[in-house]
Amino acid sequence: MTSIEPHRRRAPEERPTQILDAAFHEFGERGLAGARLDDIAKRAQVAKGTIYLYFPNKEALFREMVHTTIVAALAEAEASQADLQSETADARMRWLGRGWWAFLRTDRMQVLQRLVSLELGQFPDLMQFYADEVIARGRRLVSGIIARGVERGEFREVDPQLAARMFSSIWMTHSTWCARREFHQTLGSDEQVLDEMIEFYLYALRP
């Protein structure tokens, strides 16, 4: 009797996770346009029809990938910031900057970042979804901390939305560079890059 692979014995409620794991691999290797549901099914070792029970198409898979990674991370950050109301804005930005950097350097976020920067423009609906669910939500989180810092006199008078956009661009750009260190050999370790970004960014906000 043929042995059954351990992940074939997973309970039905675990199959969406199994499919998402396979999707991250396929999208990472082939991109959003190049990946096929057939190949995702093979990698997940499920029938192609099983995928349709949970995800009608690749676009739905991408949305769920974003929800289970970035949106979940944003929700966690929002909850944590609610517990840090008594901290200085400087301390809250340091906490957020370190947490976001650690998340950006994960394998799954690296896959999503490549898809967003290289392919999402070909999928207007997905680009709008990403703008609403990720970009706008992230900027609200950062701009709220900046606005509180300005109100308390901890930061200089600055447009919180502009400051939030600068935060995002600095962190995302350096994450891209660190993923291609062979072309950016002057970069230090991840921890050194993080310290540089935090100090540079907060210096720009001080009165």
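At 4% relative accessibility, Tyr130 counts as buried (buried means under 20% relative accessible area, exposed over 50% and partly exposed in between, with a 1.4 Å probe and protein chains only). This is a predicted model, in which local features need pLDDT of at least 70 and side-chain atom pairs count only at pLDDT 80 or more, while totals for chains, interfaces and linings use all residues. Residues are numbered from 1 along each chain as its sequence is written, and side-chain values use heavy atoms, with hydrogens and water left out.

**Overall architecture**

- The chain has nine helices and zero strands, where helices (H or I, at least four residues) and strands (E, at least two) are DSSP runs numbered from the N terminus.
- Along the sequence the pattern therefore reads α-α-α-α-α-α-α-α-α, and the C-alpha atoms fill a box of roughly 70 × 40 × 35 Å, taken along the principal axes.
- Of the 207 residues in the chain, 41% are buried.
- Among contacts between residues at least 6 apart in sequence, 70% join residues at least 24 apart, contact being defined as heavy atoms within 4.5 Å.

- Tyr130 lies in helix H7 (residues 124–151) and, not counting residues up to four places away in sequence, touches Val66, Ile70, Met109, Val116, Leu120 and Ile135.
- The C-alpha atoms of Tyr130 and Leu120 are separated by 8.9 Å, the two residues being 10 apart along the chain.
- The axes of helix H4 (residues 58–82) and H7 come within 11 Å and cross at roughly 10°; axes are lines fitted to C-alpha atoms, for helices over the stretch in contact, and angles run from 0 to 180 degrees between N-to-C directions.
- H4 is therefore roughly parallel to H7 (angles under 35 degrees count as roughly parallel, over 145 as roughly antiparallel, 65 to 115 as roughly perpendicular and the rest as oblique).
- Residues making this contact include Val66, Ile70 and Leu74 of H4, and Phe129, Tyr130 and Leu141 of H7.
- By class, the contact of H4 with H7 has 13 nonpolar, three polar and six charged residues, with Ala, Val, Leu, Ile, Met, Phe, Trp, Tyr, Cys and Pro counted as nonpolar, Asp, Glu, Lys and Arg as charged, and the others, Gly among them, as polar.

**H8 and its two partners**

- The axes of helix H8 (residues 160–178) and helix H9 (residues 190–205) come within 11 Å and cross at roughly 160°, and H8 and H9 are therefore roughly antiparallel to each other.
- H8 passes H9 in a right-handed crossing; a crossing is left-handed if the near helix is turned anticlockwise from the far one by less than a right angle, and right-handed if clockwise.
- This contact involves, among others, Phe167, Ile170 and Trp171 of H8 together with Val193, Met197 and Tyr201 of H9, and its residues divide into 13 nonpolar, one polar and one charged.
- Helix H6 (residues 107–118) packs with H8 at an angle of about 105°, with their axes 11 Å apart, which makes H6 roughly perpendicular to H8.
- Here Met109, Gln110 and Gln113 in H6 meet Met172, Ser175 and Thr176 in H8, a contact with two nonpolar, four polar and no charged residues.
- In the loop between H8 and H9 is Arg181, which is partly exposed with a relative accessible area of 27%.
- Leaving aside neighbours within four places in sequence, Arg181 is in contact with Arg105, Leu187, Gly188, Ser189, Asp190 and Val193.

**Aromatic pairs**

- The structure holds five aromatic pairs; rings of Phe, Tyr and Trp (its six-membered ring) pair if their centres lie within 6.5 Å, and planes under 30 degrees apart count as stacked, over 60 as edge-to-face and the rest as tilted.
- The ring centres of Tyr54 and Phe55 are 6.5 Å apart and the planes stand at 50°, so the pair is tilted; Tyr54 is partly exposed at 32% relative accessible area, whereas Phe55, at 6%, is buried.
- The rings of Trp100 and Phe103 have their centres 5.4 Å apart and their planes at 35°, so this pair is tilted.
- Trp100 and Phe103 both lie in helix H5 (residues 89–104), three residues apart, about one turn of the helix; Trp100 is buried at 18% relative accessibility, and Phe103 is buried at 16%.
- Ring pairs also link Phe167, Trp171 and Tyr201 into a cluster.
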